[in-house]
Amino acid sequence: MDKASDAKPPAGGKKRRGRGRKRIARVAIEDRVLKAEVPAGSRFKGYESFLVQDLVLRPVALRFRRERWATPDGRTIVAPLPPGIWGHFGPDLRRFVLAQSHQGQVTVPRLVALLEAIGIEVSKRQVPRRPAAAAPSDLVVL
């Protein structure tokens with residue numbers, strides 16, 4: 001009876017391994033080499049890795065200097081903005097605001113306070129506004 005209550009080894013005599021997955025880095029890893037102050041005569045033995053994850057939130061302002069041309073017939077031609085740029089807020093900022101408002105359920109006043117703390121100048125009325133240049137099917141915040 002004692003033998004019947006013991007756990008049986010899996011078939012084939014091999015031990016069962018866990019179902020762990022390989023971890024795939026979602027972000028690029030930047031290497032920085034840190035120098036140590038060592039006494040003379042020391043031997044180099046390689047590196048010891050230490051991984052630190054961080055998030056950088058900083059405002060970036062891009063000024064697009066668009067060429068303007070006057071044609072002989074009196075029209076003015078202005079160089080177009082890059083794809084994905086419309087209004088005065090970039091696609092990454094829009095993506096951040098969408099994630100905060102929908103996934104994080106952050107209210108508009110708190111979102112405005114967060115953006116101002118980061119250094120983005122935005123008013124309370126600009127956050128939920130959808131620009132007229134956007135297609136009606138686009139869901140846009142800011």
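Helix H2 (residues 91-103) comprises 13 residues and spans 17 Å from its first C-alpha to its last, close to the 18 Å expected at 1.5 Å a residue. That expected span is 1.5 Å times one less than the number of residues in the helix. Helices (H or I, at least four residues) and strands (E, at least two) are DSSP runs, numbered from the N terminus.

The structure is a predicted model, in which local features need pLDDT of at least 70 and side-chain atom pairs count only at pLDDT 80 or more, while totals for chains, interfaces and linings use all residues. Residues are numbered from 1 along each chain as its sequence is written, and side-chain values use heavy atoms, with hydrogens and water left out.

## Overall organisation

The protein contains three helices and two strands, arranged along the sequence in the pattern α-β-β-α-α. Of its 142 residues, 11% count as buried; buried means under 20% relative accessible area, exposed over 50%, and partly exposed in between (1.4 Å probe, protein chains only). Among contacts with a separation of 6 or more, 33% join residues 24 or more positions apart, where contact means heavy atoms within 4.5 Å.

Leu 93, Arg 94 and Val 97 are the buried residues named in H2. They cover an arc of only 100 degrees around the axis, which puts them on the same side of H2; the arc is that of the directions from the helix axis to the C-beta atoms. The face of H2 turned away from this buried side carries the exposed residues Asp 92, Arg 95 and Gln 103. Helix H3 (108-118) is included in what covers the buried residues of H2.

In H3, Leu 111, Val 112 and Leu 115 are buried. Viewed down the helix axis, the buried residues of H3 lie within an arc of 100 degrees, so they line one face of the helix. Exposed residues Pro 109, Arg 110 and Ala 117 are carried on the face of H3 turned away from its buried side. The packing partner of the buried H3 residues is H2.

An α-helix has 3.6 residues a turn, so residues three or four places apart point the same way.

## The nonpolar core

The largest nonpolar core consists of nine residues: Phe 89, Leu 93, Val 97, Leu 111, Val 112, Leu 115, Ile 120, Val 122 and Val 127. H2 and H3 are the elements that give two or more residues to this core, and H3 gives the most, with three residues. Such a core is a set of buried Ala, Val, Leu, Ile, Met, Phe, Trp, Tyr and Cys residues joined through side-chain atoms within 4.5 Å. Leaving aside neighbours within four places in sequence, Leu 111 is in contact with Val 97, Gln 100, Ser 101, Val 106 and Val 127. In soluble globular proteins, nonpolar side chains tend to be buried together.

## Backbone after the helices

Gln 105 lies in the loop between H2 and H3. Although not a glycine, Gln 105 has a positive phi of about 55 degrees, and at 67% relative accessibility this residue counts as exposed. Just after H3, Gly 119 takes a positive phi of about 120 degrees. Most residues other than glycine have a negative phi.

## Salt bridges and a polar contact

A search of the whole structure finds three salt bridges, each defined as a side-chain nitrogen of Lys or Arg within 4 Å of a carboxyl oxygen of Asp or Glu.

| Salt bridge | Closest N to O distance |
|---|---|
| Glu 30 and Arg 32 | 2.9 Å |
| Arg 95 and Asp 92 | 2.6 Å |

Both Glu 30 and Arg 32 are exposed. Arg 95 and Asp 92 both lie in helix H2, three residues apart, about one turn of the helix. Arg 95 is exposed, with a relative accessible area of 52%, and Asp 92 is exposed at 55%.

Asp 73 is likewise exposed, with a relative accessible area of 56%. The side chain of Asp 73 also makes a polar contact with the side chain of Thr 71 (2.3 Å). A polar contact is a pair of N or O atoms within 3.5 Å; within protein, one must be able to donate a hydrogen and the other to accept it, and residues adjacent in sequence count only if both atoms are side-chain atoms. Thr 71 lies in the loop between strand S1 (68-70) and strand S2 (76-78) and is buried, with a relative accessible area of 18%.
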